[in-house]
Amino acid sequence: MLDKFVYLDNAAASRLDDRVLEAMKPYFFGVYAVATSEFGYSQGIEARETLDKARGIIADVLGASHKEFIFTSGSTESSNIALKGVVLALGEKKGKHIIISKIEDFPVLHSAKALERQGFRVTYLDVDNDGFVDLDQLRESITEETILVSIQHANQEIGTIQDIKTIARICREKGVLFHTDATHTFTRVPLDVKEVPVDLITVSAHTIHGPRGIGGLYIRKGTPIAKWMDGGFQEFDLRAGIENIPGAVGFAKAVELVTPEENDRLKAMRDRLIERVLAEIPSTTLNGDRWMRISQNANVTFHLVEGESITLHLDMRGFAVSTGSACFSRSLEASHVILGIGGDHERAHGSVRFTFGRYNNMEDVDAVVEALADVVRELREISPLGKD
Amino acid sequence: MKFPYSEKVLEHFRHPRNVGKIKNPDGKAVEGSPACGDMVAVYIKVDPRTKRIADVKFESYGCASNIATGSIITELAKGKTIDEAKKVSWKQASKALGGLPPIKVHCSVLAVEGLRSAIQNYEERHGLVKDRKPTTVEVVRKRLRKVINPVSGLSLVRANLVKDINVKDGNVRVVIDLPANHQFASAIKEEIVEKIKHLWDVKKLEVEFTE
């Protein structure tokens with residue numbers, strides 16, 4: 001057993017903050033009733049008030065009213081509701097065309113593909129070499145038939161932050177609904193629905209040291225959306241099912257614990273990793289924009305080596321990271337994001353993502369850079385490539 | 001700690017045996033490509049008298065199972081006659097490694113194919129091909145299945161890039177449906193030449209591009 005374990009995959013899942021757990025505990029053991037109506041029994045009323053308070057705290061971060069925010073089981077469900085719920089509500093009255101970017105995370109990408117199989121037309125917008133959506137192509141792609149545009153706030157793999165304000169305004173001017181997946185930016189990159197005309201926002205607790213299994217969807221008042229899960233009348237009659245009150249409380253607590261100072265700390269770790277890796281390890285390429293990227297993400301391709309070998313070597317030395325290599329993925333497909341930004345398969349196979357969190361520090365950064373330098377050198381020594 | 005591989009695989013992954021190139025090898029082969037995520041090169045030296053593999057080395061660009069399999073096949077092949085070494089199978093390699101995950105068959109089978117191809121390359125170069133089947137369009141096509149287009153990660157055959165194959169009196173002509181100024185045209189051509197020119201009855205080989 002190694003004496004230290006350095007976890008650098010915080011975008012996939014993050015350690016629960018102890019304070020979040022403490023906030024949740026009373027709702028497992030004390031107030032564990034379902035949220036009743038205001039005419040229910042006292043514990044049920046308390047549960048409902050707790051739920052609404054949590055809802056208010058989270059909606060507040062987005063500048064939204066608490067009535068415009070529903071809890072879900074996580075960002076996958078939120079994005080499914082956003083895309084399929086709008087489509088269901090609008091029927092075929094307006095049209096059958098949807099626009100997304102080609103580097104969306106799987107919930108949006110695969111929801112769009114599912115709709116495509118049902119006869120919808122989907123435009124997959126190109127992105128440039130840093131991952132920015134082509135705004136002219138967006139303008140040109142919107143037609144009378146378009147019912148929804150879904151473009152992520154920031155990318156899950158390479159961290160590039162989109163010009164969400166301009167994108168939202170383009171959609172608003174053309175009268176098309178706009179959804180954004182803000183899983184990796186929520187609480188860290190400001191997004192206020194009073195300033196940005198976005199209609200639907202996917203958020204989640206699992207990336208900010210909150211509990212897993214709870215997320216949410218902002219739905220601007222008046223947005224046509226069909227009920228997703230049939231059953232009772234929970235979540236403003238939009239998503240049935242007994243509410244996850246401990247989860248909601250934990251989500252709200254996690255939101256409150258994110259501070260601008262922490263963001264600066266994450267950014268400093270990110271910058272140090274990027275600067276050291278690019279300076280000290282030959283043949284490396286940063287994936288994603290250098291500056292317009294989320295504070296917790298670094299993604300680098302180590303050319304002429306394969307990512308699964310890097311992650312396994314790092315794992316044996318006590319570091320957890322992820323890679324866009326086909327060998328690492330369940331589908332055995334190379335990262336659609338690296339290919340989307342114009343990278344070839346070799347660039348995808350050698351890409352490694354580092355995502356920082358509350359429980360990392362500068363020592364972790366230095367340790368992983370030093371381990372990487374060794375691992376990459378050793379793997380290049382046994383590689384048939386790049387020696388001529 | 002829990003790792004996705006057996007102890008033995010991890011051991012070979014961490015300390016691969018017989019790594020490197022052999023200068024002026026008697027036989028060599030490259031299987032896979034950077035595009036498909038795994039690539040292995042195998043070099044052999046053969047004792048001309050005993051026909052035993054005197055030395056074997058490998059290089060790998062790939063995941064753990066590719067590296068470990070490359071390592072184990074060098075151990076399995078060393079000292080064997082080329083006829084024995086040809087029979088080293090993926091099953092044997094996998095067994096010697098304490099088992100490989102089924103999903104990683106593709107990555108690990110490359111190393112086994114690499115060894116076989118290196119021996120075949122040795123036999124072709126030294127006029128030792130016993131089973132002298134004439135080179136036909138089908139034989140050429142089969143070899144082109146192993147040439148990968150780095151852009152798509154697919155073989156030239158699967159990507160429908162083989163426009164024409166012509167074989168006549170030992171003259172082989174291959175037309176690839178890519179522009180000659182394509183960024184990987186020269187790399188693809190080099191791989192085609194390597195895979196076909198050593199066939200025992202090939203006298204002349206032309207590789208052409210469509211534009």
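Which side chain does a polar contact of 2.8 Å join to that of A:Arg276? Let's find out, keeping in mind that this is a predicted model.

**Stop 1: A:Arg276.** Select helix α10 of chain A, residues 260-280, and look for A:Arg276 within that helix. Show its side chain together with that of A:Asp366: these two are the partners, joined by a polar contact of 2.8 Å. Now display the neighbours. Leaving aside residues up to four places away in sequence, A:Arg276 touches A:Ile281, A:Asp366, A:Val369 and A:Glu370. Is A:Arg276 buried or exposed? A:Arg276 counts as buried because its relative accessible area is 16%, below the 20% cut-off.

**Stop 2: helix α14 of chain A.** Next, select residues 362-381 of chain A, the 20 residues of α14. From first C-alpha to last, this helix reaches 29 Å, close to the expected 28 Å. Colour its buried residues, among them A:Asp366, A:Val369, A:Leu372 and A:Val376. Then zoom in on the start of α14(A), where a side-chain oxygen of A:Asn361 comes to within 3.0 Å of the backbone nitrogen of A:Glu363.

**Stop 3: where the chains meet.** Zoom out and show both chains. The contact takes 25 residues from chain A and 32 residues from chain B. About 2,300 Å² of area is buried between them, with carbon and sulfur atoms giving 69%. On chain B, select α1 (7-14), β2 (38-46), β3 (53-61) and α2 (64-77), the elements that each give two or more residues to the side touching chain A. That side has 22 nonpolar, 5 polar and 5 charged residues. How many salt bridges are there between chain B and chain A? The count is 0, while 5 residue pairs are in polar contact, both residues at pLDDT 80 or more.

Notes:
Residues are numbered from 1 along each chain as its sequence is written. Chains are lettered from A and ligands numbered from 1 in the order in which they are written. This is a predicted model: local features need pLDDT of at least 70, side-chain atom pairs count only at pLDDT 80 or more; totals for chains, interfaces and linings use all residues. Side-chain values use heavy atoms; hydrogens and water are left out. Contact means heavy atoms within 4.5 Å. Buried area is the accessible area (1.4 Å probe) that two parts lose on being put together, summed over both. A salt bridge is a side-chain nitrogen of Lys or Arg within 4 Å of a carboxyl oxygen of Asp or Glu. A polar contact is a pair of N or O atoms within 3.5 Å; within protein, one must be able to donate a hydrogen and the other to accept it, and residues adjacent in sequence count only if both atoms are side-chain atoms. Helices (H or I, at least four residues) and strands (E, at least two) are DSSP runs, numbered from the N terminus. Ala, Val, Leu, Ile, Met, Phe, Trp, Tyr, Cys and Pro count as nonpolar, Asp, Glu, Lys and Arg as charged, and the others, Gly among them, as polar. The expected span of a helix is 1.5 Å times one less than its number of residues. Buried means under 20% relative accessible area, exposed over 50%, partly exposed in between (1.4 Å probe, protein chains only).
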